[in-house]
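Work through the exercises below with the sequence and the coordinates open. Each task is followed by a solution in steps.

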Amino acid sequence: MDYKEILRNKASKLQDLVEKYGANLSPEEINNIRTLINNTYEITNGRLDALDYDVRNESIMNYHAQLDSAFSKFKGFEEREKEEQTETREDI
């Protein structure tokens, strides 16, 4: 898998989280995350390929860091949902 696929996969998973848990975040946070997702798709359509090798690698790492940071905003929501599902199963 090349860097484009990895970044697109992260953006896609982040989009899924926005759709599922977005109501729990502020409008500004949602807007920032959506902008990041859109920019990720845009840069993986060839824009990074045109950059110098070192600049491209720095940009790739920057996008990984930004996406990972955005994922961290949803971590608590996923954990709570798993706990609730476990509690529901135990009640049955």
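The exercises concern a predicted model and go from the overall fold to single residues.

**Exercise 1. Overall fold**

Task: State how many helices and strands the protein has, and in what order its elements run.

Solution. Step 1: the protein has 4 helices and 0 strands. Step 2: read from the N terminus on, the elements run α-α-α-α. Step 3: the radius of gyration is 16 Å, whereas the globule rule gives 12 Å for 92 residues, so the protein is more spread out than a compact globule. Step 4: along the principal axes, the C-alpha atoms fill a box of roughly 60 × 30 × 15 Å.

**Exercise 2. Surface and contacts**

Solution. Step 3: take the contacts between residues at least 6 apart in sequence; 75% of them join residues at least 24 apart.

**Exercise 3. Helix H1**

Task: Compare the span of H1 with the expected value, then decide how its buried residues are arranged about the axis.

Solution. Step 1: H1 has 19 residues, and its first and last C-alpha atoms are 27 Å apart, close to the expected 27 Å at 1.5 Å a residue. Step 2: the buried residues of H1 are Tyr3, Lys4, Leu7, Lys10, Ala11, Leu14, Leu17, Val18 and Tyr21. Step 3: viewed down the axis of H1, these buried residues fall within an arc of 155°, so they line one face of the helix. Step 4: Lys13, Glu19 and Lys20 are exposed on the other side of H1.

**Exercise 4. Helix H2**

Task: Find the face of H2 that its buried residues line, and name helices that cover those residues.

Solution. Step 1: H2 covers residues 27-47, has 21 residues and reaches 29 Å from first to last C-alpha, close to the expected 30 Å. Step 2: Ile30, Ile33, Leu36, Ile37, Thr40, Ile43 and Thr44 are buried in H2. Step 3: seen down the axis of H2, the buried residues fall within an arc of 165°, so they line one face. Step 4: Pro27, Glu28, Asn45 and Arg47 are exposed on the other side of H2. Step 5: the cover over the buried residues of H2 includes helix H1 (3-21) and helix H3 (53-72). Step 6: take Thr40, which lies in H2 and is buried with a relative accessible area of 0%. Not counting residues up to four places away in sequence, Thr40 touches Leu7, Ala11, Tyr63 and Leu67.

**Exercise 5. The nonpolar core**

Task: Which residues have the most contacts inside the largest nonpolar core, and which element gives the largest share?

Solution. Step 1: the largest nonpolar core has 20 residues, and Leu14, Ile33 and Phe74 have the most contacts inside it. Step 2: H1, H2 and H3 are the elements that give two or more residues to this core. Step 3: the largest share, 7 residues, comes from H1. Step 4: beyond its neighbours within four places in sequence, Leu14 is in contact with Ile33, Leu36, Ile37, Leu67, Ala70, Phe71 and Phe74. Step 5: for context, nonpolar side chains tend to be buried together in soluble globular proteins.

**Exercise 6. A loop residue**

Task: Where is Leu48 found, and what does Leu48 touch?

Solution. Step 1: Leu48 is found in the loop between H2 and H3. Step 2: its relative accessible area is 3%, so Leu48 is buried. Step 3: not counting residues up to four places away in sequence, Leu48 touches Tyr3, Ile43, Arg56, Ser59 and Ile60. Step 4: Leu48 and Ser59 are 11 residues apart along the chain, and their C-alpha atoms are separated by 7.8 Å.

How values were computed. Residues numbered from 1 in each chain as written. Predicted model: local features only at pLDDT ≥ 70, side-chain atom pairs only at ≥ 80, totals over all residues. Heavy atoms only, no water. Expected span 1.5 Å × (residues − 1). Buried < 20%, exposed > 50% of the residue type's maximum accessible area, 1.4 Å probe, protein only. Arc of directions from axis to C-beta. Contact = heavy atoms within 4.5 Å. Rg over C-alpha atoms; globule rule 2.2 N^0.38 Å. Core = buried A, V, L, I, M, F, W, Y, C linked by side-chain atoms within 4.5 Å.
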